[in-house]
Amino acid sequence: AQAEIGLIGLGVMGSNLALNIAEKGNKIAVFNRTVERTHEFVEEAGALKDNIVPCATIEEFVAAIRPPRPIIIMIKAGEPVDQQMELLRPHLEKNDIMIDAGNANFRDTMRRFDALKDSGLTFIGMGVSGGEEGARHGPSIMVGGTEDSWKRVEKVLTSIAAKYNGEPCVAWLGENGAGHFVKTIHNGIEYADMQMIAEIYGILRDGLKMSATEIGEVFATWNKGRLNSYLIEITAKVLEAADPIGGKPIVDMILDKAGQKGTGKWSVIEAQNMGIPATAIEAAVAARSLSSLKGEREAAEKILGLPAVAPLSVSDRAAFIKDLESALLAAKIGAYAQGFAVMAAASKEFNWNLPMPTIAKIWRAGCIIRSQFLDEITSAFTKAPDAANLIVTPAFADMVKETDGSLRRVVSAAVLAGLPVPALASALGYFDSYRRGRGTANIIQAQRDFFGAHGFDRIDGADSHHGPWGSGLGAGA
Ligand code: 6PG
């Protein structure tokens, strides 16, 4: 029998995805730029090799797959994907489907999708989350493309996706760039989650002077409570790990410069383009950028010193640690609320009809931000699919009211002790601004009118659109 699906690119992610596909009983054809890697891969596959068709040439590869042929391209995002598609294209037939499973910018996905529009071929942009382990044993999969192309791959993808209480973490989210957009926002939220955890770690390390091992115990305890999630779990694990050279906690030996490959930044750019505040994600991206200015930071510390403030003083350590837990939960709610608000706006902007409860559902397992918390989001959006914002759904409004006091105390204490908490503080600022019916933009409007005659609306609806700014000033002066 012919292969159900094909895959190009036997790097770590591609190999693991191919093994997962083979293991779930699907025959898969594989091709790699260098044929040595293909041979090596078949060797690694062990008993799974019965379901693998190794191919040395593109012709052989295409012929091995049952039409219409779904072909997963799992290579470095960007230019290489366009090149691979160009190489593949002449060998394909009507209705064949090229699937980009990398971390593509959804704007590239839209462009690739459009470029194939009248060619008879089609394209799927597929977000895959869960890292190497996820790819091998069950990732969360976000699919964007035509409904017909989705139907062709639904069975295979459902078989390999992570399961949450038996429900597969894969869904068709809409046309063209929908899948990659949702994956991008997943990563934006991932950045915020990680940054907020890092800020709490900073309070414990630099404020309470706790050791890595002690902090690891705190996170391990939290992982049994409401913060239960993959990122909290691995944070506990990394804090408890020892350096093979010297035996100190490994985290104390790791340089404090964070890398980033672009998805967080794209989330922020798209949020800004649509005028949707995603301040916690912005703070997280900026914090990574600031972290990479290691030399400048060290030089600045020599010139400015650390803030001249009283060190964090905590009378009841256990109570403060409880407060940190609730503060982290509150801030996390802010980040997710922002991420979902960006997706809601994008859904309108790009005509996708993104299903919010489904997105929350397929993030409950398999992906990097997987957690119990996402089940609560699923239920909130299922009950109120049209809510303007996650934080005004009844369940989350209650959670915000219950936890925002902790966030306020923690942010205040950190600020007074000179400990940076930009993402936690931005979540708090978001709540405080979002829940205040009468804000302060009346001043901005007055200023704009004063210097530029931009006009303003009045609260009483009366139609005076310019201010009484005095002779020779304002209204165009
Ligand atoms: C995932 C991850 C994965 C990867 C990203 C983030 O969902 O499995 O998000 O896609 O870790 O590339 O990477 P950076 O932190 O390097 O931007």
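Predicted model: local features only at pLDDT ≥ 70, side-chain atom pairs only at ≥ 80, totals over all residues.

Biologist: Okay, and what does the UniProt annotation say about Lys 183?

Modeller: The unreviewed UniProt entry carries the annotation "active site", and that annotation covers Lys 183 together with Glu 190.

Biologist: Where is Lys 183 found, and where is the place of Glu 190?

Modeller: Lys 183 is found in helix H8, which spans residues 178-207, and Glu 190 has its place in helix H8 as well.

Biologist: Is Lys 183 buried or exposed?

Modeller: Lys 183 counts as buried because 29 other C-beta atoms lie within 10 Å, where the cut-off for being buried is 20 or more.

Biologist: And Glu 190, buried or exposed?

Modeller: Glu 190 is also buried, because it has 22 other C-beta atoms within 10 Å. If we do not count residues up to four places away in sequence, Glu 190 touches Ile 368 and Ile 369.

Biologist: Switching to the ligand, which residues are the closest?

Modeller: The ligand is surrounded by 13 residues, and the closest are Ser 129, Asn 187, Gln 260, Lys 261 and Ile 368. Ser 129 is also one of the contacts of Lys 183, while Ile 368 is touched by Glu 190.

Biologist: How many in that shell are nonpolar, polar or charged?

Modeller: The shell around the ligand divides into two nonpolar residues, nine polar ones and two charged ones. Helix H8 and helix H11 (263-274) each supply at least two residues of this shell.

Biologist: Which domains is the chain divided into?

Modeller: There is domain 1 (5-176), then domain 2 (184-433), and then domain 3 (438-477). The shell around the ligand draws at least three residues from each of domain 1 and domain 2, whereas the C-alpha centres of domain 1 and domain 3 lie 56 Å apart.

Biologist: New topic: in the largest nonpolar core, which residues touch the most other members?

Modeller: That core has 145 residues, and those touching the most other members are Ile 28, Val 143, Ala 280, Ala 331, Leu 424 and Ala 427. Helix H14 (residues 317-349) gives the most to this core, with 16 residues, and the core draws at least three residues from each of domain 1 and domain 2.

Biologist: What is Val 143 in contact with, leaving aside its neighbours within four places in sequence?

Modeller: Val 143 has several such contacts, among them Ile 124, Met 126, Trp 150, Leu 157 and Val 170.

Terms used
Residues numbered from 1 in each chain as written. UniProt positions renumbered as here; feature names shortened; annotations may be inferred. Helix = DSSP H or I, 4+ residues; strand = E, 2+ residues; numbered from the N terminus. Buried ≥ 20, exposed ≤ 12 C-beta atoms within 10 Å, placed from the backbone. Contact = placed C-beta atoms within 7 Å. Core = buried A, V, L, I, M, F, W, Y, C linked by C-beta atoms within 7 Å. Domains from an automatic or database assignment. Near = placed C-beta within 6 Å. Nonpolar A, V, L, I, M, F, W, Y, C, P; charged D, E, K, R; others polar.
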